[in-house]
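Below is a short report on a predicted model.

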Amino acid sequence: MTLSEQQILAISATERVCSTISLVGTFVIVTTFIWSPTFRKPINRLVFYASWGNIMASIATIISADGIHSGVDSSLCQFQGFLIQWFMPADALWTFAMACNVYLTFFHKYDSEQLRRLEWKYVLCCYGIPFVPAFAYFFIQTQARGRIYGSAILWCWISVQWSFLRIVIFYGPVWLIISATFAIYLRAGSVIYQKRRQLRNLGGIDSDLVPESPFAMLTGIQVTREIACSTPERRSLSESAARGLPCSAFRAYSVTIEGGGAPSTIQGPSSKVGPSPLHQENSSKTVRPDGADSQRRSTSTEASSATWAYTKYAMLFFVALLVTWSLFPGST
């Protein structure tokens with residue numbers, strides 16, 4: 001279907017407005033990340049790195065049809081096609097990088113330091129891989145088809161004569177990455193749902209008989225519990241039960257949650273929770289429940305909330321990418 005000149009102008013105006021909004025949003029993300037230390041969490045760092053690619057892609061789409069009007073051999077047209085080919089696939093790669101963090105943390109117990117050491121590799125792959133074909137296209141030209149970067153109706157990109165490259169180098173790999181990302185989230189989501197159901201049932205089970213919470217392994221949270229009895233020798237619950245001694249009352253205890261460093265040793269009956277690698281908070285708080293069941297529930301909830309929050313953020317980014325690529329008009 002051929003678009004009329006009026007329709008092309010309407011689409012160009014719409015994409016420029018949307019691209020401007022996207023540009024403002026990415027500048028807000030970058031500025032917030034630079035000026036707010038509390039914003040520098042692992043998930044936000046990946047979004048920060050991805051924002052630079054979004055900025056360059058938004059600049060390319062703001063140019064819109066002006067590249068075509070300048071001539072397909074003009075520097076503006078070639079530059080616009082290069083930006084689109086380089087930075088638009090990077091979005092899918094960054095979403096896959098976020099999914100990899102979820103996978104590595106959930107199934108391989110990666111902590112925040114291990115994830116941080118992967119970030120330079122993510123930057124190299126997400127921006128380096130699409131750069132190779134985008135740069136190579138500058139030097140490919142044939143008598144029959146001309147240059148690769150040319151008119152794509154709405155902007156300068158891979159020209160109609162080279163349209164098979166859109167599937168082979170662009171859409172095919174991108175949708176393959178999206179499918180792999182979706183598979184990771186589907187697997188992680190099913191496990192998260194099962195584990196959260198198990199955590200809700202921990203209240204009626206003796207904590208000494210339950211293995212460490214899978215969410216504790218997932219977030220790197222270390223839990224140490226000891227419920228003291230009101231016996232003269234202050235034996236712990238497990239010790240008293242092993243010796244057949246009564247334990248009719250419990251002492252008060254506290255749950256301390258700290259972020260940013262290793263928690264100090266707390267003397268006496270207590271429950272200590274260390275920092276979560278995926279969702280650290282630069283704050284501390286003390287919760288004093290009234291019983292052992294509340295202690296177990298509080299510990300499990302705190303251990304799982306960090307991972308669930310990270311997964312939600314990453315999945316929302318993935319949904320936004322999926323909607324964008326489903327509506328992407330570049331194949332015209």
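## The disulfide

Cys156 is buried, at 0% relative accessible area. Cys77 is buried as well, with 0% relative accessibility. These two residues form a disulfide, with their sulfur atoms 1.9 Å apart. A search of the whole structure finds 1 disulfide. The link of Cys77 and Cys156 is left-handed, with -105 degrees about the S-S bond.

Cys77 sits in helix 4, and Cys156 sits in strand 4 (residues 156-158), so the pair ties together parts 79 residues apart in sequence.

Cys100 is in no disulfide. Its nearest cysteine sulfur belongs to Cys126, 8.8 Å away. Cys100 has a relative accessible area of 18%, and it counts as buried because the cut-off is under 20%.

Cys125 is in no disulfide either. Here the nearest cysteine sulfur is again that of Cys126, at 6.7 Å. Cys125 is partly exposed, with 38% relative accessibility.

## Helix 2 against helix 4

Helix 4 (residues 75-108) packs with helix 2 (residues 42-63) at an angle of about 155 degrees. Their axes are 8 Å apart. The two helices are therefore roughly antiparallel to each other. Their crossing is left-handed.

On the helix 2 side, the contact residues include Ile43, Leu46, Val47, Tyr49, Gly53 and Met56. Helix 4 contributes, among them, Leu76, Leu83, Phe87, Asp91, Trp94 and Met98. By class, the contact has 17 nonpolar, 5 polar and 1 charged residues.

How values were computed: Residues numbered from 1 in each chain as written. Predicted model: local features only at pLDDT ≥ 70, side-chain atom pairs only at ≥ 80, totals over all residues. Heavy atoms only, no water. Axes fitted to C-alpha atoms, helices over the stretch in contact; angles between N-to-C directions. Helix = DSSP H or I, 4+ residues; strand = E, 2+ residues; numbered from the N terminus. Parallel < 35°, antiparallel > 145°, perpendicular 65-115°, else oblique. Left-handed = near helix turned anticlockwise from the far one by under 90°. Contact = heavy atoms within 4.5 Å. Nonpolar A, V, L, I, M, F, W, Y, C, P; charged D, E, K, R; others polar. Disulfide = S-S within 2.5 Å. Buried < 20%, exposed > 50% of the residue type's maximum accessible area, 1.4 Å probe, protein only.
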